Amino acid sequence: MGILSQPIGVIAEWLRNLFLGWGLSEGLTTVLLYLIGAGVLATLVQVWVIFLIWFERKIIGRFQDRLGPNRVGPYGLLQPFADLIKIITKEVIIPREADKAVYLLGPIIMDAGVLAIWAVIPLMPMVGMDLNVAALYTIAVGAFATLGILMSGWASNNKFALLSAFRTVAQMVSYEVPTVLALLIPVLLAGTMSLQGIVEAQHVWYIVFAPLAFLIYFIASVAEVGRTPFDLLEAESEIVAGFHIEYSGMVFAIFYVGDFLHAFTIGALGAVLFLGGWRGPGAETYPLLGLLYLWIKAFLVYFLVVWARGTLPRVRIDQMMDFSWKFLTPLALILLVVAAVLDHFVMGFGVWGRALSHFAANVVIAVLTLRYLDHQDKVRESKRKMVAQPGQYPVARPPVPVETSTEAAS
Amino acid sequence: MISLDWYLIVAAALFVIGLFGVLSRKNAVAILMGVELMLNAVNINLLAFWRYRAPTEPVGMAFAIIVFAVAAAEVAVGLALFIAVYRRFNSVVADDINLMKW
Amino acid sequence: MTAMQIVFILTAVVTLFAAFRVVTTPNMIHAALWLIVALFGVAVFYILLSASFLAVAQVIVYIGAIAILMMFVIMLTRREMRDRGPQTGPQWKWAAILSALLFGGLVWMVESMALPAAPVGDVPESSIADLGKALVSPNGFVIPFEVASVLLLAALIGAVYVAWTRRNS
Amino acid sequence: MPTTTLLWLLPVFPLVAFALIVLFTNRNKALSHTLAVGAAFLSWLGAMVIFVRALQIGPEALAEHPIDSWVNWLPTGDGFLKIGVMLDPLTAAVLFFVAWTILMIFVYSIGYHNFGQPEGDHDKKGLPPHGATIVDEHGHKHVVPSVEPMYSRFFAYIGLFAFGMYLLAVSDNLLTLFVGWEIMGLCSYLLIGFWFAKPSARAAGIKAFMTTRVGDVFMLLGIAYLYKATGTLSFQDIFKPEMLHALANVDSGVLGLSAAGLIGLLLFIGTVGKSAQWPLHVWLPDAMEGPTPVSAMIHAATMVSAGVYMVIRMFPLLKAGSANEAFLSPLVVMAFIGAFTALFAATIAVAQNDIKRVLAYSTISQLGYMIAALGAGSYVAATFHLITHAFFKALLFLGSGSVIHGMEHGVLHTGNHDVDPQDMFNMGGLAKKMPITFWTFLIGGFALSGFPVLTAGFWSKDEILSSAFLGGHPVVFWTLAVAAFLTAFYTMRQITLTFLGEPRTKEAEHAQETPWTMTVPLMVLAFFAVTAGWVGIPETFPGLGGLLPNWFHHWVGATYETLLEEAHLVGEMAEGHSLVPLMTSLTVSLGGLFLGWLTYKDVKSPDPATDPLKRWLGPVHTVLQNKYYFDELYQVIFIRPAAWFAEVFTFRWVDRGAIDGTIHAIARAVFDAGKALAYGFDLPVISGAGDLIGNTVRSFGRAFRVVQTGRVQDYMVAAMTSVVAFGALVYYLLVFAH
């Protein structure tokens, strides 16, 4: 039982003995160990965000043909620390007429929701809480992020914040559906909901099995995080800064961290579900390698997120809703059904046979979808030529602000 | 070890609290919340009995899931109704919606 | 007093207190938040009953959907931030009496019944798989399952229709 | 196809045609007459097939076992009224001439109603066509006959008529027969009143309908009595020896008649109405108001023979009814009424100038012959004359129609519309103008007047005369002889006035031969008018006798021969063939013809006053011309009193005075009673009670309505309380009850 083969296990064992040596009871020890583990994990990932911030600013800078942070420290590596110090030293402003408790709870709950996802992510072999419903669990705790934003948006007693809160709710509730459906496909293929099990089942990465599912998962979760092109909840040009318009100082920092961390968490989850998690040469024997692999893969996905942010413009609210309900959800449903039926038949084909048949099915579906899409375009074009008048496009009613709802009613 | 009656009593408490809410609150949404509480109490009972009496059969869980579905449907329709009612009466206070009054 | 019991009692206290606040607090948003807490407590109860799947489902369905929708509606159906005045109707006394009576009766019933102190056995590893199979097996719960799905569909359509605003009217 | 099916189908085709025309093809003339004629043709085909099959079977076998088929129709208390068809020798013979005449009529109608001619200039529905003006290529205006405005309707009517006739012919029981009978009555009404815009036509239609109705009522009585007495209406059940005996031996208590006698008499009255016997003959001449000789001959030559057919059909019953030599026993009555009618009508016919009316009266008198023959007990002779007469009378009617058509053509040519194209004095010399019509008409006329040896009429008449003579009815015999003489006379008068000599009017000069659709039927019928007689030459006839077997006698005779023998109803018929009737008929026919020609050969003026007969007879002629003032007589005896009865007695006194008075009195009494009750009882007691209850309820409601607060939760509180209470109770019962 070497430190290399089971790093966490060794440390845990040592701590347990230490506590028992202090004469604490068995149950209490277990609870303590859980607490310590959770604390360590949470702290590490949040500290890791500091690097993420630098990374993202750098990448975006490059995308926009700038240098990005480059003054403080080598390559501006220390820039985030400077920002950190600045933001910590700022005053935490709580507006009058704000619902204080909720106002303060909001960011915490959001951050907690993001952190809670990390509880079930298998960092390396035999590590991580192996929950047998982990896949669902991630979605469940994802709801807390929504909740946090909603709370803060409402508690700020600010119309922009409230608008943003509404948008957030609409957006997240509607994008949870395709996320779950896409996420069900790896579960289906692996036959288990535990992420550890899913990782172990991926002798061939599931992105080969279900590229479309990965795509849907990616888009939907980007929308859930609320990053560009789906960042309607903090659309600067429309609702100044959205739900965190009133926040400042440390409290705002928590939002900030939560946001970045959520993005990276998506990367990690995507890596675990579709890119084989910690799998890689020699990962079983040297689990730390697995951690490394996972990190790299997570970074890949995270890079995609940043890339999208750097390139794509923001979508309109009605386009966003339509995209979820009229395109992603049906497509995900079709994929799920096809995968289930197909898997039933190709079970016996061996790993690669199975993978390739699924892949082929995905390709076919992709082609059909594209054909359908440009058919739709043609139809819309002809309509536009026919009658050129406003109201032709389905404009979803924007969420009714509190003040104007009375007029809407009367 | 926890015995079954603990769960039952907690469930009963949750249930009566929900009932009180249903019977006493003015706001329709609050009434709906009370209903949710009652449903959850029911679910606790179902699962407790399942756990203590027949853990090997999925009966209890199946029932609970059906209850979930019912609750979801109820909330969806209920809230939609409240929206409509609010458009009409400008209020969701149950007392204001008393057209059926003598 | 084992750890489990401690956890149970804590959860129970939190849950019931939250529930109590739900039905008493004058601020609807707070009520909704308290409701979330209560529901979360119930989810914890499910975990204690080693029904992890249902616990997660509880969180997704109730907290992720129902509670948030409720807050949504609450925000949509009010004019100012806080509700002035008491939120309980004049009939609250009756309600209280009735609830108290009912609670007493239930407790008395529970106590008067001979109930097992411990589960008859452990939940099998494959309980979730069993549940899944049972839900779709013809000699299981396929009929209720389908009925529930139809109910949900009907609710979906009904909700959309009811809340629809006819623009031209 | 089995014979029964054919029998069933015979009436169906025309009915279908009728329905189709009325419902759908009313607008399309060609389609309509195609349907009608097609249906008639199908029925004719079926009838012919049946006839041939009947020949193959042979009379005895057929008479012994008639082909019969029936279905239940109306459930009565213990049985069913049936609809059925039957084929026995009589039916076969009747079907033969019915089929031919009807087909001829249909074809003829096409031509007569000017199919293919232009629409009239100012023709109106309900009026005869007035002719249309057309301009030929030279620009000359011509007035030509115009097509009948109600062409399709006419074919629908005669289709219905054909249905009735076939139904009557094939029916196997009195009820079905009566149905067909009444349908034909309706048709005659419709056809006589076809041009309903003419008041005379309307009146004639009503007259015909009412008169025949008088007879029908009695007939219905007879049928009812028969049904009551025997419990059946089927001929085969009735014509069983034991049944006949039973009927013959029951005393009806009327005029000392047996049941059979009374029934027979009643049925015969029906015939009197239908076949226009005296005293119910008055409708037939007026029926000539009917649009065309076609409809005229429908109910003059064909329909009226239905009456005779019926009595022939019922002959065994009549015979049985006359078994006891009661005064007024049916046969006696028939013999005398028939003979009288024959003479009576003949005398009238002598003085008529309307070509159709002459034929009408001659029809009446010929029917009289048949009835008389029946009365004399020779139903075979009656049948024989029935058939031959049907042929040559149809021929004559169609011929007269052709003549009238030709005359109308002339009238249209000259445009002088006050010349009556039916008045024989306006004609003359048409033989050259319309030869086919002339020759066929001549054949028909000779047949009617019984021109010796050649024509059918001679044989049938001779048979009747001899049967009357040998049957020991000298009075009947001599009456018929005189009638025969008159028949020959007026027939020749008609022919002479119409065809011979010189045209007496410009119209006659411009008369024209009619289209083939009219002449072809004439020729066909002429053929039968000659040959139909040769099937019934008596063996005992000097010279010719035995050259041809007396097939007809053998055939029709077979129908009731065995039956009558079994029932011991064979009348005493002196055997042998006396020369007296033969000589008589020879003399009367030839003499009549010669005298007629002699009298009228040199009538020159179109003025009816120049009728030589008028000069000789004077006032008698006037009487004859006015038909013995029978119409006026009935006017005074029946119609006026009836009108008075209806107007004054029934309407004024009974209805207005008695009934209305009573009703008003009752009404007033009830009204007062009601008022009294209303104010004395209803308002204070009932309404009071009602108000009391209402008020009580309302006050209760007012007291308790506070419970309904309209707050959901109050209701919920109540509901939950009750639920809790109930649950507690249940729990208590479950746990502590045991």
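Among contacts in chain D between residues at least 6 apart in sequence, what percentage join residues at least 24 apart? The answer is 78%, where two residues are in contact if their C-beta atoms, placed from the backbone, lie within 7 Å. In chain C, residues 24 or more positions apart account for 48% of the contacts with a separation of 6 or more.

This is a predicted model, in which local features need pLDDT of at least 70 and side-chain atom pairs count only at pLDDT 80 or more, whereas totals for chains, interfaces and linings use all residues. Residues are numbered from 1 along each chain as its sequence is written, and chains are lettered from A and ligands numbered from 1 in the order in which they are written. The model scores ipTM 0.63 and pTM 0.52. For chain D the mean pLDDT (the predictor's confidence in each residue, from 0 to 100) is 82, and 95% of the residues of chain D reach 70 or more.

Chain D holds 28 helices and four strands, counted as DSSP runs numbered from the N terminus, with H or I over at least four residues for helices and E over at least two for strands. Of the 738 residues in chain D, 51% are buried, which requires 20 or more other C-beta atoms within 10 Å of a residue's own, with C-beta atoms placed from the backbone. Chain C has six helices and zero strands, and 38% of its 169 residues are buried.

Within chain D, one helix pair can be followed in detail. Helix 16 (residues 379–414) of chain D and helix 19 (residues 456–470) of chain D pack at an angle of about 155°, their axes lying 9 Å apart; axes here are lines fitted to C-alpha atoms over the stretch in contact, and angles run from 0 to 180 degrees between N-to-C directions. The two helices, helix 16 and helix 19 of chain D, are therefore roughly antiparallel, a term for angles over 145 degrees. Residues meeting across this pair include F384(D), F391(D) and F392(D) from helix 16 of chain D, and A456(D), K461(D) and I464(D) from helix 19 of chain D. The contact between these helices comprises six nonpolar, five polar and two charged residues, with Ala, Val, Leu, Ile, Met, Phe, Trp, Tyr, Cys and Pro counted as nonpolar, Asp, Glu, Lys and Arg as charged, and the others, Gly among them, as polar.

Finally, where chain D touches chain C, each chain contributes nine residues. On the side of chain D, these are five nonpolar, two polar and two charged.

Conventions: A residue is buried if 20 or more other C-beta atoms lie within 10 Å of its own, exposed if 12 or fewer, and partly exposed in between; C-beta atoms are placed from the backbone. Angles under 35 degrees count as roughly parallel, over 145 as roughly antiparallel, 65 to 115 as roughly perpendicular and the rest as oblique.
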